[in-house]
Amino acid sequence: MKLKLFLLIVVLTACNQSSSIHTNDENQASSHIDRRVDSVLSLMTLSEKIGQMNQYNGFWDVTGPVPAEGDAAKKYDHLKKGLVGSMLNIKGVEEVRRVQKIAVEETRLGIPLIIGFDCIHGYKTISPIPLAEAASWDMEAIRKSAEVAAAETAASGINWTFAPMVDVSRDARWGRVMEGAGEDPYLGSKIAVARVKGFQGEDLSATNTIAACAKHFAGYGFSESGKDYNTVDVGTSTLYNTIFPPFIAAKEAGVATFMNAFNELNGVPATGNKFLQRDVLKGDWDYNGFVVSDWGSIAEMIPHGYAENGRDAALKAIHAGSDMDMESYLYVAELESLVENKKVDVALIDDAVRRILKLKFELGLFDDPYKYCDLEREKSVVNSKENHDIVLDVARKSIVLLKNEGQLLPLKKEGQKIALIGALAADKNSPLGSWRLAAEDNSAISVLEGMQRYPANELMYAKGADVTIGETAFISEVTINTNDKSGFQEALNIAKKADKVVMVLGENGFQTGEGRSLANLDLPGVQQELLEAVFKVNPNIVLVLNNGRPLTINWAAEHIPAIVEAWHLGSESGHAIAQVLYGDYNPSGKLPMSFPKSVGQIPLYYNHKNTGRPSIPEPGLVFWSHYGDESNDPLYAFGHGLSYTHFDYSNLQIENNYPSKKSITVKVDLHNSGNYDGKEVVQLYLHDLFASVTRPVKELKGLEMVSLAKGESKTVEFVLTDKELGFFDNEGAWVIEEGKFEVFVGGSSQTTNMAAFEIK
Ligand code: BGC
């Protein structure tokens with residue numbers, strides 16, 4: 001008790017030297033925090049320091065009795081002894097207050113806990129899954145969505161989210177593509193910044209912001225064959241130019257923490273990877289936040305075949321730069337004796353603990369450990385009308401119009417008989433997507449409910465067929481309905497009577513996410529059969545896709561006149577979809593990931609290399625880079641997305657100010673020649689024709705969201721500087737090389753609107 005009082009005095013004295021840590025002079029603020037950190041560190045025993053590096057999952061029903069035996073009892077005991085620095089999956093003000101109280105009042109030094117949670121796409125008010133939000137290409141909307149998530153999470157006692165996931169991935173088989181921003185490092189970097197800023201705001205100590213975590217460092221999105229947790233083997237160029245950029249962007253945006261990864265990278269597990277964590281992240285990038293392991297990933301270095309046993313795993317992880325052990329129980333078990341036996345230098349422990357304590361100060365937890373635990377605030381912030389309005393806005397913006405032939409869309413608002421078909425159309429759970437651990441089940445607005453808001457049409461609904469059988473849950477395998485077609489006839493009956501048919505098909509919300517890899521990307525179960533059967537009786541179909549990854553929908557792309565990619569859009573899903581179908585929102589989304597024609601094309605990505613044999617030399621010859629049974633093209637390309645209006649591009653011009661001003665200005669005229677006001681994401685791609693390390697055929701290097709009224713025109717301008725013109729060479733250095741470039745500007749990665757320039 002005496003010591004605790006002393007600690008408080010040290011901390012408060014340090015605090016009083018300046019009224020706030022958020023002065024204009026950031027250096028002064030950080031050195032002030034550093035002093036406070038040092039004063040706490042000087043009071044700690046070795047085991048208390050190691051305790052700060054230990055993170056436990058919520059271990060007992062904290063509102064119930066204290067655990068007497070097993071793992072829960074051990075964790076409880078550790079918590080009381082000051083051997084736990086952070087906990088995850090404790091949520092709600094009351095629960096958090098209870099564990100915080102033990103840390104603050106029952107341990108020797110009373111150091112508060114950081115409370116972590118996977119708030120990946122919302123807390124209670126659920127946003128579109130991150131891949132969907134990426135399709136909005138709208139950084140402000142994405143930032144606001146993260147801001148809502150942060151405000152609700154912070155109001156529920158939590159102060160740290162394990163997001164954003166910034167793993168670039170080119171493989172739709174990997175279930176976690178739903179959690180990222182797709183296949184492109186440039187778009188992914190912009191989105192990483194928007195999300196970090198949304199979560200963290202300007203002031204980490206505010207009660208509506210939380211610490212963010214850039215994950216999974218690094219290479220997790222490149223798991224072989226799209227199988228989760230699988231081996232990753234990538235070369236320097238891909239690592240630096242494709243995988244690292246969103247992490248660099250997150251770091252530059254001030255992300256408070258990093259998480260390492262389950263995968264091995266080129267033979268060394270990311271968790272034990274010194275090159276990644278010490279040389280690159282904490283060395284080259286001078287990162288001063290802390291690195292948390294992924295769940296159990298320190299212990300998983302044993303089955304990886306990298307560590308002999310738990311002791312060896314702890315040794316390797318701390319040397320490599322993993323600061324906090326999530327659920328491996330190994331730091332707390334092994335580090336103390338590793339230090340005593342001179343296997344680990346205590347300086348490594350001090351460095352890790354400093355980083356962790358620094359965040360606790362920045363969050364304001366030393367000043368008030370219960371600052372995130374205000375019941376009144378929880379009630380007023382969580383699930384507020386304002387929050388729902390914000391996620392509705394980003395949900396509408398996330399929808400991508402893939403195809404609209406015969407102007408089937410937008411639907412007329414009256415005098416129409418509409419048949420709505422598909423189990424997902426009435427589903428209130430699936431739109432919540434995979435990472436919605438705090439959401440109420442069945443709390444999303446379904447498409448059926450959304451369309452009922454337009455009562456001047458006659459709306460008939462039939463399920464047709466279930467997508468899954470039985471309960472679905474975050475942790476368990478889903479069972480797909482592969483034979484029950486008993487609902488087909490009812491669906492056909494309403495389709496026959498209808499002017500237009502809206503079919504909502506795709507994936508259950510739990511078909512993507514962690515551990516949800518697939519080898520087949522067709523519409524699951526009997527849904528393809530249902531689609532074809534309905535098409536026979538009424539071909540005026542609008543297909544609305546609900547899914548968490550690109551799917552192979554070749555038959556639909558060929559036969560169905562209108563296709564809307566609506567992903568898993570969160571709490572306001574049905575409202576957003578109905579507003580787009582009825583033209584109250586003109587779709588503006590663009591694909592953040594290529595849609596393959598066949599799983600065999602994967603990895604499929606627009607920014608591929610040219611190869612030495614890119615095109616067919618003469619018809620019939622085989623010696624070029626291609627498939628004998630499939631085209632090289634995607635079904636729908638990266639950046640593709642239509643509008644109810646039409647945009648024309650013309651007059652692409654280049655002003656070459658290199659080397660004088662080290663910039664290239666690119667201008668293009670955009671004209672809205674259709675019948676609706678609308679928004680277009682103007683995309684700029686670069687092709688560096690030859691370089692010391694070969695460059696992709698196209699790389700996104702600029703994007704601009706432009707709103708135009710019908711008939712209106714605008715000149716859009718981009719300025720390319722060394723930041724856009726260079727690349728990382730195979731030593732990891734950023735280089736700008738002389739040579740010839742092509743620049744493409746248009747509405748998708750397939751644009752052929754091109755001009756050329758040279759850097760001399
Ligand atoms: C995931 C992480 C997540 C962690 C904590 C792991 O299984 O890979 O992304 O943050 O669990 O829930």
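User: Which domains does the domain assignment of the protein give?

Analyst: Quick background: this is a predicted model, where local features need pLDDT of at least 70, side-chain atom pairs count only at pLDDT 80 or more, and totals for chains, interfaces and linings use all residues. Residues are numbered from 1 along each chain as its sequence is written, and side-chain values use heavy atoms, with hydrogens and water left out. Domain bounds come from an automatic or database domain assignment. Here you get domain 1 (397-597) and domain 2 (647-759).

User: How do I read the buried area between domain 1 and domain 2?

Analyst: The size of an interface is often given as the accessible area lost when the parts come together. Buried area is that loss (1.4 Å probe), summed over both parts. In this model, domain 1 and domain 2 bury about 540 Å² between them, with 48% of it on carbon and sulfur atoms. On the domain 1 side, N586, S588 and K590 supply 72% of the area buried against domain 2, more than any other three residues.

User: And what is the count of salt bridges between domain 1 and domain 2?

Analyst: A salt bridge means a side-chain nitrogen of Lys or Arg within 4 Å of a carboxyl oxygen of Asp or Glu. The count here is one. E680 pairs with K590, and their closest N and O atoms are 3.1 Å apart.

User: Which residues are around the ligand?

Analyst: A residue is near a molecule if one of its heavy atoms lies within 4 Å of it. The residues around the ligand include L88, F162, R176, H216 and W295. This shell divides into six nonpolar, one polar and five charged residues. For that sorting, Ala, Val, Leu, Ile, Met, Phe, Trp, Tyr, Cys and Pro are nonpolar, Asp, Glu, Lys and Arg are charged, and the others, Gly among them, are polar.

User: How far is a polar side-chain atom of D118 from an oxygen atom of the ligand?

Analyst: The distance is 2.4 Å for D118, and 2.8 Å for a polar side-chain atom of K215.

Note on methods. Polar contact = N/O pair within 3.5 Å; in protein donor to acceptor, adjacent residues only side chain to side chain. Buried area = accessible area lost by both parts, 1.4 Å probe.
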